[in-house]
Amino acid sequence: MDEDHSYRRLEMTVLMTPDMANFAGRVHGGSILKLLDQVAYACAARYSGSYVVTVSVDRVVFHEPLYVGELVTFLASVNYTGTSSMEVGIRVMAENIQARSERHVMTCYFTMVAVDEHGRPHRVPSFTPATPVEQRRWKAAQLRRELRREIERRSLDIRLHPDELAAEHESSRQHETQG
Ligand SMILES: CC(C)(COP(=O)(O)OP(=O)(O)OC[C@H]1O[C@@H](n2cnc3c(N)ncnc32)[C@H](O)[C@@H]1OP(=O)(O)O)[C@@H](O)C(=O)NCCC(=O)NCCS
C-alpha cells in the first residue's frame with residue numbers, strides 16, 4: 001500500500017466574491033456547502049484513485065457568518081478508511097485579507113464511498129495512522145461512525161408507520177382547507 005501521506009491531505013483556498021452573497025450581503029450557506037462537497041470529493045478521489053460519492057455529512061454548523069472579501073481555506077484530510085468508505089475531515093479557516101487575521105469557522109466530516117462504473121461500492125486502500133494526531137483522528141472517526149449508526153437506528157424507531165403518515169397528512173390537509 002502506498003503510504004505517501006501527502007495524498008491523504010488537500011488544501012483549497014477560495015476568495016468569497018459578491019456572486020456568493022445572500023440577501024443580507026453575507027456568504028450564502030449553500031455556496032459553502034458546495035465548496036465543502038467539492039473539497040471532500042477531490043480529497044477522497046485523489047486518495048483512493050477512484051470515483052467517489054458523498055453519502056453523509058456531519059457537523060456542518062455555521063456559528064458565525066462568512067463575509068464577502070474573505071479568503072476561505074479548506075484543509076481536508078482522510079481521517080479514516082473503512083472497506084469502501086472514507087471519512088474526510090475539513091477544517092474551514094476564514095482570513096480577513098486587509099487585517100491579515102484568521103478565524104476557525106467550522107470543522108465538519110464527510111463520508112465518501114468509492115464506487116465502480118455501476119455505482120457499486122468497492123474497496124479503498126487502507127492506511128495505518130502513524131502520528132498521535134492521525135491516531136486521534138482515526139479513533140474520533142470510528143466513534144462518529146458508531147454514532148451515525150446509532151442515530152440511524154434510533155431514527156427508524158421514531159419514523160411514522162406509512163398508515164400514521166397518511167392519517168397525519170389527511171389531518172393537516174383538513175386543517176388547511178378549514179382555516
Ligand atoms: C454510497 C452507496 C453506493 C452505498 O450503497 P449501500 O448499499 O449502502 O452499500 P453498503 O451497505 O455496502 O455500504 C457501503 C459503505 O457506505 C457506508 N454507508 C452506507 N450508508 C451510510 C450512511 N448513511 N452514513 C455513512 N456511511 C454509510 C457503509 O458504512 C459502507 O462503508 P464501508 O464499506 O467502509 O464499511 C449508495 O448509498 C449510493 O449510491 N448513495 C447515493 C450517493 C450519491 O449519489 N451521492 C450524491 C448525492 S446528490
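Colleague: What should I know before reading the numbers?
Modeller: Residues are numbered from 1 along each chain as its sequence is written. The model is predicted, so local features need pLDDT of at least 70 and side-chain atom pairs count only at pLDDT 80 or more, while totals for chains, interfaces and linings use all residues.

Colleague: Which helices and strands does the protein chain have, and what makes them count?
Modeller: They are DSSP runs, at least four residues of H or I for a helix and at least two of E for a strand, numbered from the N terminus. The protein chain has 3 helices and 5 strands, in the order β-α-β-β-β-β-α-α.

Colleague: What makes E4 and E5 a pair?
Modeller: Pairing takes at least two DSSP bridges between two strands. E4 and E5 are joined by 12 and run antiparallel, so they pair by that rule.

Colleague: Why are E1 and E2 said to stand at the edges?
Modeller: The open sheet runs E1-E3-E4-E5-E2. Strand E1 (9-15) and strand E2 (52-58) each have a single partner strand, so one side of each lacks a neighbour in the sheet.

Colleague: How do you know that Ala40 touches Val88?
Modeller: Contact means C-beta atoms, placed from the backbone, within 7 Å. Leaving out residues up to four places away in sequence, the partners of Ala40 include Val88, Ile90 and Phe110.

Colleague: What is the radius of gyration set against?
Modeller: It is taken over C-alpha atoms, and the globule rule is 2.2 Å times the number of residues to the power 0.38. For 179 residues a compact globule would be near 16 Å, but the protein chain has 20 Å.

Methods
Two residues are in contact if their C-beta atoms, placed from the backbone, lie within 7 Å.
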